[in-house]
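Visitor: I'd like a close look at one part of this model, please. Could you take me through the place where the two chains touch, and then show me what lies around it?

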Amino acid sequence: MSVAAPTPGGVLLAFALFVPVAGLLVAMLAGGRRSEQVAMAVMPLTFAASAAAAWRVVAHAAPLEYHLGGWAPPLGIALRADGLSAIMMLMTAVVMVVTAVYARADFRTAPGAPETRGPFTFWLLLIGLWAAMNAVFLASDLFTLFVAMELLTFAAVPMVCLDGRSEQLTAALRYLLFALLGSVLYLLGAALLYGVYGTLDIALLAARMDGAPTALVACSLMTAGLAAKTALFPLHLWLPPAHAGAPAAASAVLSALVVKGSFFITLRLWFDVMPRDVGLAAAQILAALGAAAIIVGSAVALRQARLKMLIAYSTVAQIGYLFLMFPLAYSAEHGGLTGGAALAGGAMQAVSHAFAKAGMFMAAGLLYAALGHDRIADLAGAGRALPMSVIAFALGGISLVGLPPSGGFVAKWLLLSAAVESGQWWWALVIAVGGLLAGGYVFGVVMRALALPPAPLVLQAAIPRRREAAALALSLVAALLGMTALLPIDVVHIGRGSP
Amino acid sequence: MSTATLFGLCGAVLIGVGLYGLIVHPQPLRKIVAFNVLGGGVFLVFGVIARRGAGAGFGGDPVPQALIITGLVVAFAATALAAALVVQLARRTGTVSIAEDAGARESPP
């Protein structure tokens, strides 16, 4: 792989990055009263740029490339979108827009009301998160990825403590400290790689990689750092209080998107930077941690008394599935990680979890707002009071469990078949057990919500239909995403050298 | 021992000390200081790599220096954010502890 030339239409990538950043600056100047309007103007534009870029990648079955200022790498900074980036950009765009629809009721400044910090911060951070996510998906060198990852962290941490309560501040601080440890380890790894190969451009690095011991140390440091940011077991302790404590709209983007950012960088590192030098043993360690995350995360989720904590622990478990793909993508004849069914399964898992989890967190937020609590034991009657929200939770849950035709089903099917094909049956066992445990915690909640209440339910607040519809729309996408497996295109492998 | 090796070893020591502090100390303020020591070590290592002119073949390589400056800005912003969180936490609770029981509290909407 050598440095590619800019492609026509590459400027769309610059727009996907530039529009939200410009919007961020304008919203900052416009002040709290107008930040929502600025976000409403910026988000459709960013959606259009992301969707157009993704469409071009898929329609031409070729990656898009743009050189900022006309400077070619390694000196200049290139933006590059391959099939994987296109999928992730589209996923981010859809979740972001629906989250904005959902969040307008919570973060609105009424005309004439005094300006408050909450809405101002939320809309700024939401646009900032989108810019950072797109930067992660489009960066083509390890240092730009570092900067993008830091932007993502700085936008995500304040999302955790939007209300400013002390337990939120504690959760945010823990999150930040884990994230900082991760980023500094990543930077150290990048420095070592630069020391050995004299470049951080992903394509150039991949060509120069020769399995030097320093490179292996560097990749291990970076992987450890990324695992801390992605909340891979046993570095997951920061995630449940942070994601469960945030306001529902923030929880949705944190759980659905932000953890996928650092996971995407892990994919870039393992599949694109070091395709020839990684041993099966190293990949097995990652998958073993993923398997532990699935079992421990699901088991702890089963024991949660509160709905949002349950969903947050389920995120820990679902992240585990993402890491199962590494040994399954190992091909002995290529002597390294290749794409194939495992990569497609991993990508499908990332996308379907994003839609399902965002929908579930939104539904949980509505249940909390209506009932005034989120104790699972006292959910009886919720199914009658808020049927759309409970259905949204259940449909998201179907994808987590992996029932057809959900995205989770196709993801697990692809991972299972890769496990059987490569003779690594033990991972198939983990996938099956994880599905059963997920079934336990999802249906436990749904059963309680559908039960008859001991006394007629008094709702604390009326829930607008639009908000329930937003949650339901995302869950519905997750539950039907498996249908995309019928499409005759192989988007994941666009822009990858060998299948 | 060449200067580059000496500085490289210094960087390694700083990274070790910082990593130890970040993992072992329970107080957030100490963790933040340890993060900065660790970051200093990483930047020093990066600087040594620039001095060696690795990969490019000339005396000093400007690319890592540019990267270090960006890294410093990021580390500064991170420290400011962490310090702001610690200050807010101290204002609201009177203590700065991120002890284990924090996660067990009620989960709000």
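Guide: Here is a walk from the contact between the chains out to the rest of each chain.

Before we start, keep in mind that this is a predicted model, where local features need pLDDT of at least 70, side-chain atom pairs count only at pLDDT 80 or more, and totals for chains, interfaces and linings use all residues. Residues are numbered from 1 along each chain as its sequence is written, while chains are lettered from A and ligands numbered from 1 in the order in which they are written.

Okay, on to the meeting place. On one side, 40 residues of chain A take part, and they are in contact with 36 residues of chain B. Being in contact here says that the C-beta atoms of two residues, placed from the backbone, lie within 7 Å. Which elements of chain A give two or more residues to this side? They are α5 (142-160), α6 (166-197), α9 (239-245), α12 (307-328) and α13 (340-371). Names like these come from DSSP runs, numbered from the N terminus: helices are H or I with at least four residues, and strands are E with at least two. The largest share of chain A's side, 19 residues, comes from α6(A). By class, that side has 26 nonpolar, eight polar and six charged residues. For the classes, Ala, Val, Leu, Ile, Met, Phe, Trp, Tyr, Cys and Pro count as nonpolar, Asp, Glu, Lys and Arg as charged, and the others, Gly among them, as polar.

Now hop across to the partner. Chain B has three helices and zero strands, so its pattern along the sequence reads α-α-α. Of its 109 residues, 36% count as buried. A residue is buried if 20 or more other C-beta atoms lie within 10 Å of its own, exposed if 12 or fewer, and partly exposed in between, with C-beta atoms placed from the backbone. Take B:Tyr20, found in helix α1 (residues 3-24) of chain B: it counts as partly exposed because it has 13 C-beta neighbours inside 10 Å. Looking at contacts in chain B with a separation of 6 or more, 48% are between residues 24 or more positions apart.

Chain A is divided into domain 1 (1-140), domain 2 (163-277) and domain 3 (289-499), with bounds that come from an automatic or database domain assignment. The centres of domain 1 and domain 3 of chain A, taken over C-alpha atoms, are 26 Å apart. Their contact takes 18 residues from domain 1 and 21 residues from domain 3. On the domain 1 side, α2 (35-60) and α3 (83-103) of chain A each give two or more residues, and α3(A) has the largest share, ten residues. That side has 15 nonpolar, two polar and one charged residues.

Finally, some backbone details in the loops of chain A. In the loop between α8 (213-230) and α9 you'll find A:Pro234, and the peptide bond from A:Phe233 to A:Pro234 is cis, with omega near 0°. A:Ala231 sits in the loop between α8 and α9 too; it has a positive phi of about 65° although it is not a glycine. A:Ala231 counts as buried because it has 31 C-beta neighbours inside 10 Å.
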